[in-house]
Amino acid sequence: MEAMYTAVLSIFLASIALLLIFKKKSKDSSHPPGSSGFPIIGETIDFATAAKSGNPEKFVFDRMTKYSSLVFKTHLFGAPAAVFCGAEGNKFIFTNENKLVQKWHSTSIKKIFPHYMQTSANERGSKLRKMLPIAVKADALRRHVGIMDLITRSHFINHWDNKEEIVVYPLAKDFTLWVACRLFLSMDDVTKISRFANSFDVIITGLYSVPINLPGTTLNKSINASNLIKEQLYSIIHERKIELAEGKVNSDQDVLSHMLSMVDENGKSEDEMNIADMILGMLIGGHDTATSACTSVVKYLAEYPEVYDAVYNEQMEIANSKEDGELLNWEDMQQMKYSWKVACEVMRLAPPASGGFREAKTDFNFKGFNIPKGWKLYWSIVSTHKNPDFFPNPDKFDPSRFDGTGPAPYTFIPFGAGPRMCPGNEYARLLILVFMHNLVKRFRWEKVIPDEKTVLNPLPVPVNGLPIKLYPHAR
């Protein structure tokens with residue numbers, strides 16, 4: 001009898017186990033097609049290798065083709081993930097911000113910006129947008145065009161003029177950081193700005209590094225570099241608070257003054273450590289992506305002389321309308337229509353970022369597939385920018401793609417879209433155009449290394465920094 005009970009119990013337990021396995025397989029089968037790759041690391045190496053090779057679209061397009069799907073599952077940076085592709089995928093992610101999806105940051109980013117990351121993604125986004133002054137909005141940027149032009153002229157006089165050959169990328173980094181420090185912090189001290197510059201590359205390298213904080217690791221170096229900059233920012237913040245209290249500066253002078261002057265509904269001002277984290281994040285975002293875009297503009301104008309000629313003619317018409325020494329103004333920027341189409345085509349082919357991460361706030365369904373709460377979601381810029389369904393002959397450089405109303409919605413997204421569109425997109429537009437104006441009116445140029453490769457680290461970077469030979473225009 002005991003043997004019979006044991007047999008019945010064994011059959012019952014086996015049945016329960018089979019049922020659970022079946023349910024798990026059934027649930028898994030509702031997920032998007034794809035692969036989790038190797039244990040723990042998943043497909044992170046494939047993802048990173050494609051980026052390092054300068055061909056991030058390979059990771060995406062290979063899987064889009066293999067699975068015949070606009071969404072596929074993978075495993076990135078230690079977590080299950082779904083990659084959303086095409087205009088439909090982009091639209092879904094952007095229009096469901098703070099509804100079904102939310103901003104997600106890697107463990108490494110949280111360690112580099114520890115104070116600011118203590119609050120929720122929604123709270124951080126809302127707080128930053130409230131605290132961002134009008135200084136990076138179109139209306140207030142009008143008065144900053146002349147300052148941008150003045151800094152740009154000084155940069156070219158000091159670092160480009162009277163040179164036969166220069167390396168573009170490091171100079172572009174210095175230039176964009178100078179502009180960001182001036183507009184965000186009213187900082188003109190070249191020595192202080194240089195101290196910032198020395199630490200920025202180290203910080204950026206650590207943003208998506210392996211999250212191990214031990215001496216000598218990439219993350220550890222990044223944290224140390226960020227702490228050095230934040231110590232300088234604390235000093236600047238302290239001095240600015242005194243100047244504001246004494247009425248020596250106005251709250252609308254720059255981003256920092258605006259942040260320090262704001263209070264919440266309870267009359268409480270923001271914590272200084274949070275402000276330092278936010279300012280550092282803005283300096284990285286406003287400087288590094290602009291560096292990549294400006295460098296890529298130089299690259300493509302060197303490769304397409306007929307495009308250069310059209311940009312040159314547009315910019316010289318504006319330059320010839322100015323008095324000697326007169327700075328660019330807002331109205332001039334609105335005349336640079338063809339130049340901006342060129343810049344857009346540059347950012348289509350070499351976007352400053354190849355995509356971004358979100359996290360599923362709850363279980364949801366997309367294209368018939370279940371996406372579980374907590375999964376990481378990656379939206380891919382290259383899945384539309386280099387997709388022939390949206391941009392015929394996608395490898396061809398063709399600014400006319402932006403004639404009329406331009407590309408279809410959610411296909412051209414260098415600044416994102418929807419609620420999470422980059423708040424500094426107008427700032428970036430003006431910075432790139434002012435750079436182009438001062439560049440083409442001074443020089444023609446050619447690449448020293450015609451077939452120089454570009455890699456992602458994590459933004460597009462020419463492996464040799466893009467050395468060029470300069471040919472000044474007769475004056």
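Ring pairs join Phe-47, Phe-59, Tyr-67, Phe-72, Phe-77, Trp-104, Phe-357 and Tyr-378 into a cluster. Rings of Phe, Tyr and Trp (its six-membered ring) are paired if their centres lie within 6.5 Å; planes under 30 degrees apart are stacked, over 60 edge-to-face, and the rest tilted. The model is predicted: local features need pLDDT of at least 70 and side-chain atom pairs count only at pLDDT 80 or more, while totals for chains, interfaces and linings use all residues. Residues are numbered from 1 along each chain as its sequence is written, and side-chain values use heavy atoms, with hydrogens and water left out.

**Overall makeup**

The protein chain has 18 helices and twelve strands. Helices (H or I, at least four residues) and strands (E, at least two) are DSSP runs numbered from the N terminus. Of its 475 residues, 51% count as buried. Buried means under 20% relative accessible area, exposed over 50%, and partly exposed in between, with a 1.4 Å probe and protein chains only. Among contacts in the chain with a separation of 6 or more, 70% come from residues 24 or more positions apart; a contact means heavy atoms within 4.5 Å.

**Aromatic pairs**

The count comes to 26 aromatic pairs. The rings of Phe-92 and Phe-366 have planes at 55° and centres 4.9 Å apart, so this pair is tilted. It links distant parts of the chain, 274 residues apart: Phe-92 belongs to helix 4 (residues 86-95) and Phe-366 to strand 6 (residues 364-366). Phe-92 is buried, with a relative accessible area of 15%, and Phe-366 is buried at 5%.

Trp-104 and Phe-357 form an edge-to-face pair, 5.3 Å centre to centre with 70° between the planes. Here too distant parts of the chain are linked, 253 residues apart: Trp-104 is in the loop between strand 3 (101-103) and helix 5, and Phe-357 is in strand 5 (residues 355-360). Both residues, Trp-104 and Phe-357, are buried.

Two rings also carry a charged end over them. A charge sits over a ring if NZ of Lys or CZ of Arg is within 6 Å of the ring centre and within 35 degrees of the ring normal.

| Charged residue | Ring | Distance from ring centre |
|---|---|---|
| Arg-63 | Phe-59 | 3.9 Å |
| Lys-299 | Tyr-300 | 4.0 Å |

Phe-59 is also a member of the ring cluster.

**Tyr-208**

Tyr-208 lies in the loop between helix 10 and helix 11. At 38% relative accessibility, Tyr-208 counts as partly exposed. Apart from neighbours within four places in sequence, Tyr-208 is in contact with Phe-77, Ser-106, Ile-109 and Phe-357. Phe-77 and Phe-357 belong to the cluster. The C-alpha atoms of Tyr-208 and Pro-458 are separated by 8.1 Å, and the two residues are 250 residues apart along the chain.

The expected span of a helix is 1.5 Å times one less than its number of residues. Helix 11 (residues 218-245) has 28 residues and should span 40 Å, which agrees with the 40 Å between its end C-alpha atoms. Its buried residues include Leu-219, Ile-223, Ile-229, Lys-230, Leu-233 and Arg-240. They are covered by elements including helix 5 (107-112), helix 9 (168-185), helix 10 (190-206), helix 12 (255-261) and helix 13 (272-303). Just after helix 11, Gly-247 has a positive phi of about 75°.

Ser-186 follows helix 9 with a positive phi near 55°.

**The sheet 4-12-9**

Three strands form an open antiparallel sheet in the order 4-12-9. Strand 4 (165-167) and strand 9 are at the edges with a single partner strand each, so one side of each has no neighbour in the sheet. The twist averages 35° from one strand to the next, with axes taken as lines fitted to C-alpha atoms (for helices over the stretch in contact) and angles running from 0 to 180 degrees between N-to-C directions. Two strands pair if DSSP finds at least two bridges between them.

Strand 9 (residues 443-447) pairs with strand 12 (residues 467-472) over five antiparallel bridges. Arg-444 has Tyr-471 of strand 12 as its bridge partner. Three bridges join strand 4 to strand 12, also antiparallel, and Val-167 stands opposite Pro-467.

In a regular strand the side chains alternate between the two faces of the sheet.
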